[in-house]
Amino acid sequence: MKVLGLMTQKGGTGKTTLAASLGVVAHEMGERVFLIDMDPQGSLTAWSARRSAEQPPVDKIAPDKLASAIGTLAKQGYSLVIIDTAGIDSAATSAAMHAAGLCLIPARPSALDIEAARPTIGALSRLQRPFAFVLNQAPVGRTNRPLDASRALGLLGVLAPTLIAQRSDHMDAIALGMGVTEFNPTGKAAEEVRQLWAWANKRMEGERHG
């Protein structure tokens, strides 16, 4: 079973939105997905409560129960677990780091987000956990900020090749309890999330068989 964690010790980077939409697109691509909400704010759980679709399921798991929960989910036939974490250094974040086969670190194209990622990078490096940055909420239009941020993040570690632009589809989808590929299947936001999932899935498959 593959385990994908979304984490960074900074709030507002779009972890929950990405976790929800990645979970939906993975389900659409044939994975049996379970989403774990380890953020005390419970945003992913609230998103699930707004959904009309039953899949993918979401549940809150305590840090000391995470390992056993993942083992149980594997026995139940789930093929993918996605963990959403809080934007702080916490026991939940540490547990997610230990459990994840790949950790995605969302960062907006700002100096503050890039600097804020350093403690997360340090923790993941000490644990020798695979990680990659995702440039998220990037402005659309004529600006060098995404390119500059990509270069900066690339110096700190692996950067996912797909940039996730700041598009209204993400906000509208999360408000309705949907993934962006459900809300607007043919939109640019949906295509970006599909590309990100394909890339992350390939890396996780490589880690499992490497």
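Tutor: Helices here are DSSP runs of H or I with at least four residues, numbered from the N terminus. Keep in mind that we're looking at a predicted model.

Student: Okay, which helix is the place of Thr120?

Tutor: Helices are numbered from the N terminus, so the label tells you where to look along the chain. Helix H6 covers residues 118–127. The place of Thr120 is in helix H6.

Student: Is Thr120 buried or exposed, and what is its relative accessible area?

Tutor: Look at the neighbours to begin with: leaving out residues up to four places away in sequence, Thr120 touches Met7, Thr8, Gln9, Met97 and Ile105. Buried means under 20% relative accessible area. Thr120 is buried, with a relative accessible area of 0%.

Student: Moving to charges, how many salt bridges does the structure hold?

Tutor: To count, you look for a side-chain nitrogen of Lys or Arg within 4 Å of a carboxyl oxygen of Asp or Glu. One of these pairs is Lys2 with Glu31, at 2.6 Å from N to O. The number of salt bridges in the structure is 5.

Student: How many residues apart are Lys2 and Glu31?

Tutor: Lys2 is in strand S1, residues 2–6. Glu31 is in the loop between helix H1 (15–28) and strand S2 (33–38). That makes the pair a link between distant parts of the chain, at a separation of 29 residues.

Student: What about Arg194 and Glu191: in which helix do they lie?

Tutor: Their side chains meet in a salt bridge of 3.6 Å, N to O. Arg194 is partly exposed at 21%, and Glu191 is partly exposed at 37%. They sit 3 residues apart, about one turn of their helix, which is H10.

Student: Now the backbone: what is omega, roughly, for the peptide bond joining Gln55 and Pro56?

Tutor: Most peptide bonds are trans. Pro56 is placed in the loop between helix H2 (43–50) and strand S3 (58–60). The bond joining Gln55 and Pro56 is cis, with omega at about -5°.

Student: And what is the phi of Gln128?

Tutor: Most residues other than glycine have a negative phi. Gln128 lies in the loop between helix H6 and strand S6 (131–135), and it is exposed, with 69% relative accessible area. Although it is not a glycine, Gln128 has a positive phi of about 55°.

Student: Where is the place of Gln137?

Tutor: Gln137 has a positive phi too, near 55°. Gln137 counts as partly exposed, at 25% relative accessibility. Its place is in the loop between S6 and helix H7 (145–156).

Note on methods. Residues numbered from 1 in each chain as written. Predicted model: local features only at pLDDT ≥ 70, side-chain atom pairs only at ≥ 80, totals over all residues. Heavy atoms only, no water. Helix = DSSP H or I, 4+ residues; strand = E, 2+ residues; numbered from the N terminus. Buried < 20%, exposed > 50% of the residue type's maximum accessible area, 1.4 Å probe, protein only. Contact = heavy atoms within 4.5 Å.
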